[in-house]
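The following exercises call for reading a structural model step by step. Each task is followed by a worked solution.

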Amino acid sequence: MEETRETQQAGAVPAAYQPVYPAPPNPYYAPPVKAGRWVRFRRLCRLMLRRLWYGAAVVGRVLRPYAATLIVAIVLLSVIAWMSYLIWGPKPGEPSFQRAGAIPPAAAIETFMQGQQNFNADMMWDAYSTNYQAAQLASGASKATLQAMTTARHNQGFQYVHYDYIGGVPVDTGSMYFYSVDLSVQNEHHYIPIIFQTDADGKIVDISSPLYPPPPSNK
């Protein structure tokens, strides 16, 4: 019996040495990386497009039986909208203007027009400034020639029916006034423009009108 134990102990294989390693430490927990603004924006756009596409598909299935009617209605509404824009929309190249301020007519101009209606050259001549009178005299015109012209027009049947004051604007040396006169000649009415320019004292320094062409120069 003792021999058997010795034999078993002699035949037993000694156990191999197993080194014991320490357990590895727990790995460090890294928080997830936060997406940037551009990434979030792209994700939002994709989500919105998917929702829009899905909604369009649902609506399309519902409206599919009425597709022809909807197409005709859309075409008609487009034509109506285009025609409305052409009629009531802003027109290209529309002129823009600024209205001049209100300036009362000068007293000398009213005197001139009253003399013109009465064919009175004295009143017309007195409405001129001294410089304009001198310029008329230098060019060969005078109060006598003005009276001769007004008398000739009276004999021809001229009638200054009505004056329309259009407006006036200030200029560097005075003011400029715009009128339209209703001229009747042998029962025929003509509307003639007259532009008066006055000095700082309100006296006439120039008249531009087909009724009063500039006098011929002596040169």
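**Exercise 1: A charged pair**

Asp-122 is partly exposed, because its relative accessibility is 38%. The model examined here is a predicted one.

Task. Determine how many salt bridges the structure holds, and identify which side chains meet in a salt bridge.

Solution. 
1. Side chains of opposite charge can pair when their charged atoms come close.
2. One salt bridge is present in the structure.
3. Its partners are Asp-122 and Lys-143, whose side chains meet at 3.7 Å, N to O.
4. Asp-122 belongs to helix H5 (residues 121-126) and Lys-143 to helix H7, so the pair ties together parts 21 residues apart in sequence.
5. Lys-143 has a relative accessibility of 33% and therefore counts as partly exposed.

**Exercise 2: Around Phe-119**

Solution. 
1. The backbone of Phe-119 has a phi near 55°, a positive value in a residue other than glycine.
2. Gln-147, a residue of helix H7, touches Phe-119, Asn-120, Ala-121 and Asp-122, residues up to four places away in sequence being left out.
3. Gln-147 is partly exposed, because its relative accessibility is 27%.

**Exercise 3: An arginine without a partner**

Task. Find which side chain of opposite charge is nearest to Arg-153, and list what Arg-153 is in contact with beyond four places in sequence.

Solution. 
1. Arg-153 is placed in helix H7 (residues 143-155).
2. Arg-153 is buried yet has no salt bridge.
3. The nearest side chain of opposite charge is that of Asp-182, 14 Å away. A salt bridge would require a side-chain nitrogen within 4 Å of a carboxyl oxygen.
4. With neighbours within four places in sequence set aside, the contacts of Arg-153 are Phe-119, Phe-158, Tyr-160, Leu-211 and Tyr-212.

**Exercise 4: Surface patches**

Task. Identify which residues gather in a patch of positive charge and which make a nonpolar surface patch.

Solution. 
1. The positive patch on the surface consists of Arg-42, Arg-43, Arg-46 and Arg-50.
2. Arg-43 lies in helix H2 (residues 37-63); with 48% relative accessibility, Arg-43 counts as partly exposed.
3. The nonpolar patch, about 1,000 Å², is made by Ile-71, Val-75, Val-79, Trp-82, Met-83, Tyr-85, Leu-86, Ile-87 and Trp-88.
4. Met-83 is in helix H3 (residues 67-88) and is partly exposed, with a relative accessible area of 42%.

**Exercise 5: The chain as a whole**

Task. State how many helices and strands the protein chain comes to, and locate Asn-187.

Solution. 
1. The chain comes to seven helices and four strands, in the order α-α-α-α-α-α-α-β-β-β-β from the N terminus.
2. Asn-187 is found in the loop between strand S2 (175-185) and strand S3 (188-198).
3. Asn-187 has a positive phi, near 65°, and is exposed, with a relative accessible area of 75%.
4. Of the 219 residues in the protein chain, 22% are buried.

Key:
Residues are numbered from 1 along each chain as its sequence is written. This is a predicted model: local features need pLDDT of at least 70, side-chain atom pairs count only at pLDDT 80 or more; totals for chains, interfaces and linings use all residues. Side-chain values use heavy atoms; hydrogens and water are left out. Patches are made of residues with over 30% relative accessible area and no salt bridge: like charges are joined within 9 Å, nonpolar side chains (Val, Leu, Ile, Met, Phe, Trp, Tyr) within 5 Å. Accessible areas come from the Shrake-Rupley method with a 1.4 Å probe; for residues, only the protein chains shown count as cover. Lys and Arg count as positive and Asp and Glu as negative; His and the chain ends are not counted. The place of a charge is taken as NZ of Lys, CZ of Arg, CG of Asp or CD of Glu. Helices (H or I, at least four residues) and strands (E, at least two) are DSSP runs, numbered from the N terminus. Buried means under 20% relative accessible area, exposed over 50%, partly exposed in between (1.4 Å probe, protein chains only). Contact means heavy atoms within 4.5 Å.
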